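Open the model in your viewer and keep the selection tool at hand. This tour goes stop by stop.

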Amino acid sequence: MSHVMDSMKQSVIVPVVVIEDAKDAVPAAKALLAGGINVMEITLRTAAALESIRKVAAECPDMIVGVGTALNIDQAKEAVEAGAKFVVSPGFDEEMVKWCVDNQIDVAPGCVTPTEIMAARKLGLRVVKFFPANVYGGLKAITNLAAPFTDMQFIPTGGVNTENIAEFVANPAIFAVGGSWVCKKSDITEGNFDKIAELCKEARTQAGA
């Protein structure tokens, strides 16, 4: 297992981080670190995303920063050039996944059907994102999918929170969980970085980390 993937597993939570202003990127990263989490997925949902990745990669060496909401190979390449150490996608794009695998970039594409899981597995992946988890059947669906895919694990995102995280992480099919609840966009914008650190600590405590 790579250092990046091991860090995801140890952190338990992969925060999905939406940053509107790049000046908030490093303070957000430091808040996550203070809460015991050393990985963060900065999503490409805002114009500040690439600059935010660049800042965290350059100024916060203890944080493993990755990119989320990468929809194609060009976005993945741009993010990696900016300093992203891993790529997360809401769905499965074969070209992008192949490029990541060929360039030793950890990638977690969204896979919620047996066909998508088989496609990811064929390219050598053993961990995939399951998104949106609350729409596609949550833990029950993951448990059923894990039965035929005994060597696969999942990162459910969407619907996971402090109240149910313990139930998720207790399941052997769960590699880690993703979510924005520990690092809300509003808290970042308002500078509530101490709150973010506390939410991370609380979630990790509930998960038994």
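What follows is a short walk through selected residues and their contacts.

**Before you start**

This is a predicted model, in which local features need pLDDT of at least 70, side-chain atom pairs count only at pLDDT 80 or more, and totals for chains, interfaces and linings use all residues. Residues are numbered from 1 along each chain as its sequence is written, and side-chain values use heavy atoms, with hydrogens and water left out.

**Stop 1: helix α1**

Select S11. It lies in helix α1, residues 3-11. Helices (H or I, at least four residues) and strands (E, at least two) are DSSP runs, numbered from the N terminus. S11 counts as buried because its relative accessibility is 1%. Buried means under 20% relative accessible area, exposed means over 50%, and partly exposed is in between (1.4 Å probe, protein chains only). The C-alpha atoms of S11 and G36 are separated by 6.9 Å, while the two residues are 25 apart along the chain.

**Stop 2: an aromatic pair**

How many aromatic pairs does a search of the whole structure find? It finds one. Select F130 and F154: their rings are edge-to-face, 6.2 Å centre to centre, with 90° between the planes. F130 sits in strand β6 (residues 127-130) and F154 in strand β7 (residues 153-156), so the pair links distant parts of the chain, 24 residues apart. For the term itself, rings of Phe, Tyr and Trp (its six-membered ring) pair if their centres lie within 6.5 Å; planes under 30 degrees apart count as stacked, over 60 as edge-to-face and the rest as tilted.

**Stop 3: salt bridges around D151**

The structure holds ten salt bridges. A salt bridge here is a side-chain nitrogen of Lys or Arg within 4 Å of a carboxyl oxygen of Asp or Glu. Select D151 and R121. Their side chains meet in a salt bridge of 2.9 Å, N to O. D151 lies in the loop between α7 (138-146) and β7, and R121 lies in helix α6 (residues 114-122), so this bridge ties together parts that are 30 residues apart in sequence.

R126 is in the loop between α6 and β6, 25 residues from D151. Together, R121, R126 and D151 are linked in a network of salt bridges.

Check the exposure of each member. D151 is partly exposed at 31%. R121 is partly exposed at 34%. R126 is partly exposed, with a relative accessible area of 34%.

**Stop 4: D187 and K195**

Move to D187. It forms a salt bridge with K195, the closest N and O atoms being 3.5 Å apart. Compare the two ends. D187 counts as buried at 2%, whereas K195 is partly exposed at 42%.

**Stop 5: a negative patch**

Which residues form the negative surface patch? Select D74, E78, E81 and E95. Patches are made of residues with over 30% relative accessible area and no salt bridge; like charges are joined within 9 Å, nonpolar side chains (Val, Leu, Ile, Met, Phe, Trp, Tyr) within 5 Å. Helix α4 (residues 73-82) gives the largest share of the patch, three residues. E95 is found in helix α5, residues 94-102. E95 counts as exposed, at 51% relative accessibility.

Definitions and conventions: Areas by Shrake-Rupley, 256 points an atom, 1.4 Å probe, with all protein chains shown as cover. Lys, Arg positive; Asp, Glu negative; His and termini not counted. Charge placed at Lys NZ, Arg CZ, Asp CG, Glu CD.
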